[in-house]
Amino acid sequence: MTEDTAPAGMPRLEKLDHEECLRLISPGGVGRVAFNNPTGPVILPVNYTIEQGAVLFRTALGGPMDADLRTGIEGADFMVAFEVDHIDESTREGWSVLVRGGAHHITGDVNKNAVESWPGGDRPLYIRISPNEISGRRIRHA
């Protein structure tokens with residue numbers, strides 16, 4: 001069923017445009033990074049922020065996103081997916097935004113206060129996801 005054909009009172013699934021997707025994820029918070037490593041698919045939660053239209057998060061040196069998101073080839077990106085959603089279980093409504101693009105390890109100056117890391121500890125490695133594609137969906141009841 002599409003938004004136009006769903007009967008009254010039934011859930012409606014609508015596509016979100018690029019601007020709405022960015023508006024929804026711009027406050028930052030918690031998202032999930034999905035990537036393949038040598039043993040298969042991995043999805044890890046991260047604290048993130050949006051900086052100049054890109055996703056920025058930090059992680060520990062030597063962790064899975066340090067080694068597994070390095071191609072070893074100068075200028076070559078490791079492609080990842082990044083997902084953020086908001087779900088209201090009581091109303092059975094919510095939205096989901098998917099960002100797909102290359103993951104870049106940041107080696108230059110970074111605003112050290114840009115991303116709070118809830119787990120704490122030493123997380124000096126900053127990674128930026130430069131979007132190739134941003135898409136989203138929202139489900140709501142009429």
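Two residues are in contact when heavy atoms of theirs lie within 4.5 Å. In this predicted model, residues 24 or more positions apart account for 66% of the contacts in the chain with a separation of 6 or more. The chain comprises 2 helices and 7 strands, and from the N terminus on the elements follow the order β-α-β-β-β-α-β-β-β. Of its 142 residues, 39% count as buried.

**Helix H1**

- Helix H1 spans residues 18-25, and its buried residues are Glu20, Cys21, Leu24 and Ile25.
- An α-helix has 3.6 residues a turn, so residues three or four places apart point the same way.
- Glu19 and Arg23 are exposed on the other side of H1.
- The packing partners of the buried residues of H1 are strand S1 (11-16), strand S3 (40-51), strand S5 (78-88), strand S6 (93-106) and strand S7 (125-141).
- The N-terminal end of H1 is capped by Asp17, which places a side-chain oxygen 3.3 Å from the backbone nitrogen of Glu19.

**Arg138 in strand S7**

- Arg138 belongs to strand S7, one of the strands against which the buried residues of H1 pack.
- Arg138 has a relative accessible area of 12%; it is therefore buried, since the cut-off is under 20%.
- A polar contact of 2.6 Å joins the side chain of Arg138 to the side chain of Glu20, and Glu20 is among the buried residues of H1.
- Apart from neighbours within four places in sequence, the residues in contact with Arg138 are Arg12, Leu13, Glu14, Leu16, Glu20, Arg23, Leu24, Gly94 and Trp95.
- Among these contacts, Glu20 and Leu24 are buried residues of H1, whereas Arg23 is exposed on the other side of that helix.

**The second largest pocket**

- The second largest pocket holds about 150 Å³ of space.
- Its lining consists of 12 residues, and those nearest the centre of the pocket are Pro45, Val46, Asn47, Ser117 and Pro119.
- At least two residues of the lining come from each of S3 and strand S4 (54-59).
- S3 provides the largest share of the lining, with 3 residues; S3 is also one of the strands that the buried residues of H1 pack against.

Notes
Residues numbered from 1 in each chain as written. Predicted model: local features only at pLDDT ≥ 70, side-chain atom pairs only at ≥ 80, totals over all residues. Heavy atoms only, no water. Buried < 20%, exposed > 50% of the residue type's maximum accessible area, 1.4 Å probe, protein only. Helix = DSSP H or I, 4+ residues; strand = E, 2+ residues; numbered from the N terminus. Polar contact = N/O pair within 3.5 Å; in protein donor to acceptor, adjacent residues only side chain to side chain. 1 Å grid on protein atoms, 1.4 Å probe; cavity = no way out; pocket = protein on both sides within 12 Å on 5 of 7 lines; lining within 4 Å. Points joined across faces, edges and corners; volume = space filled by probe spheres on them.
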